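Work through the exercises below with the sequence and the 3D structure at hand. Each task is followed by a worked solution.

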Amino acid sequence: SPLRPADAVVAKLKLDLFVKSLKSGAMLGDALGDDDQSVSGDSMSEWRSCDQIDNGSPSTSPPFWDTDGEDDDPGPCPSNLFGRHTWRIQNFSKEKKREMKSEPFEAGGFKWYILVYPQGCDVSNHLSLFLCVADHDKLLPGWSQFAQFTIAVGNLDPKKVKYSDTLHKFWKKEHDWGWKKFMELSKIQDGFLVNDVLEIIAQVQVIREKVDRPFRCLERPYRRELLRVYMTNIEQIYRRFVEEHRSKLSNLIEDKMRWSGFCAFWLAIDTSTRYRMSREKSDVILKIIVKHFFVEKEVTSTLVMDSLHTGLKALEHQCRGKKGRGKLMDLEELSAPMVHVDMDTFALAGDVLALLERAALEPLPCQPLSPKDDKCSQSRTKAGSSGEVKVSIEHEEKRLTEFGQKILETFALSHIFSGIEVAYQEAVSLKRQEELIREEEEAGLLESEMKGKRNNTTEKEKRAKKKQAKQKKNNRKVKDKDREEKSDSNFAEKDQDESTIHDSEDSKQAGQVAMKVDTSEEGDKIAQPVNGVNDVGIET
């Protein structure tokens with residue numbers, strides 16, 4: 001966007017002075033004086049940090065959420081932790097040293113210096129630039145410090161100033177950080193050298209990290225400078241986060257069976273339990289959200305923290321109904337919050353069922369800009385043109401606050417809902433367990449009945465088998481008796497027959513004996529005469 005009229009006049013005056021200095025052969029610093037030491041340095045401040053205007057009206061005093069002194073923490077504010085240093089290297093093209101160090105400067109209670117490698121550090125044909133902690137070997141053991149810093153190389157054309165931003169945690173083994181390939185040496189002559197002077201500007205924001213709640217990271221001008229560059233990135237982070245949580249809620253609502261079950265579960269809970277489950281300690285939520293969004297080496301982390309910090313203040317302001325101080329914020333434009341900040345607690349602002357449907361279906365507060373319409377990001381320098389849409393930096397900071405508040409509301413709602421969902425899942429599991437127990441009991445009863453029936457059938461079968469066995473046994477006994485009787489009769493007949501046979505044989509034998517006796521008697525009778533003859537006729 002264009003410069004303010006007064007700034008445009010100053011810029012034109014500086015350019016005229018610069019041209020005169022070139023003609024006279026004087027040094028640029030001498031031509032501009034002590035206050036304005038370089039065109040490129042001042043241009044950086046103008047083009048990256050100047051307040052833009054709406055309808056030609058200059059910006060007014062910042063609203064309550066845009067000040068550094070409103071933090072509840074009594075520690076130093078970001079403006080007291082910020083440092084800026086400009087280093088102008090004379091006769092740069094003739095410099096033969098491998099590395100060069102600037103004079104130390106202070107920021108956030110630490111001493112820093114810029115380290116430059118004119119011919120590149122471990123690379124060729126590049127200018128290497130680093131920010132270093134001075135006297136790091138003399139610091140207490142275990143020291144460390146987060147710092148966001150920007151290093152820039154000035155140029156006659158403010159649009160061509162070369163910037164690089166980063167966030168780093170400095171400590172014993174990483175006490176220097178920067179870029180080996182900051183820029184190609186072949187581009188140095190493209191307006192970066194003026195009378196063989198190279199101007200390097202460092203801005204260092206030491207960050208007093210707080211792990212328990214969102215905190216203000218950046219002093220106001222430096223924040224606005226970075227916001228102009230990274231606003232699109234912040235919006236993408238916001239959209240990814242909100243869409244991720246919205247998709248989970250949408251999936252729940254679209255699953256009619258699960259949603260109806262959850263609604264029935266919630267409506268069956270008594271009022272006191274609902275009240276208790278709809279709240280969470282703010283320390284718990286804020287600590288989790290800081291851990292989630294403050295990412296080391298992610299340059300947008302500081303802007304996100306500032307967004308969450310101002311979003312929390314705006315949410316508190318809305319909940320308390322303060323008036324007067326927020327006149328520039330137009331809180332009425334924001335939708336009613338889904339959560340309230342009540343003392344040290346986040347509480348749902350209504351019934352959880354209605355809030356979940358609202359969070360899943362409510363459109364996002366602002367639509368992403370297309371690349372051709374993104375006039376306020378990815379560029380630190382703006383050239384005003386007749387057809388260009390002017391967007392005030394205050395409007396962008398308001399959007400930043402809106403993103404932070406929406407992230408906090410979404411995160412708090414999701415966190416509280418997750419606790420309710422756990423209770424719901426436990427209830428579902430308990431109900432399922434009870435159903436399984438009932439099914440097992442019913443199965444046991446059915447099995448007992450079946451077993452009883454089987455036992456009755458078995459008893460009947462046993463009795464029938466026993467009866468059959470007894471019948472068979474009786475039949476066998478009858479048969480055996482009949483067989484025995486038959487056998488006895490057979491034996492009697494046989495005995496009778498045998499006795500008859502014996503009697504006949506005995507009689508036959510008796511007859512034979514009698515006959516034998518008779519025969520022997522007859523023989524005796526016959527023999528006697530023979531013997532007589534023998535006795536008479538033969539001598540024995």
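**Exercise 1.** With which residue does Arg-279 form a salt bridge, and how far apart are the closest N and O atoms?

Solution. The model is predicted, so local features need pLDDT of at least 70 and side-chain atom pairs count only at pLDDT 80 or more, while totals for chains, interfaces and linings use all residues. Residues are numbered from 1 along each chain as its sequence is written, and side-chain values use heavy atoms, leaving out hydrogens and water.
- Step 1: apply the rule that a salt bridge is a side-chain nitrogen of Lys or Arg within 4 Å of a carboxyl oxygen of Asp or Glu.
- Step 2: the partner of Arg-279 is Asp-342, with the closest N and O atoms 2.9 Å apart.

**Exercise 2.** Is Asp-306 buried or exposed?

Solution. 
- Step 1: buried means under 20% relative accessible area, exposed over 50%, and partly exposed in between (1.4 Å probe, protein chains only).
- Step 2: Asp-306 has 0% relative accessibility, so Asp-306 counts as buried.
- Step 3: its salt-bridge partner is Arg-216, with the closest N and O atoms 3.3 Å apart.
- Step 4: Arg-216, at 7% relative accessibility, also counts as buried.

**Exercise 3.** How many salt bridges does the rule give?

Solution. The count comes to 18 salt bridges.
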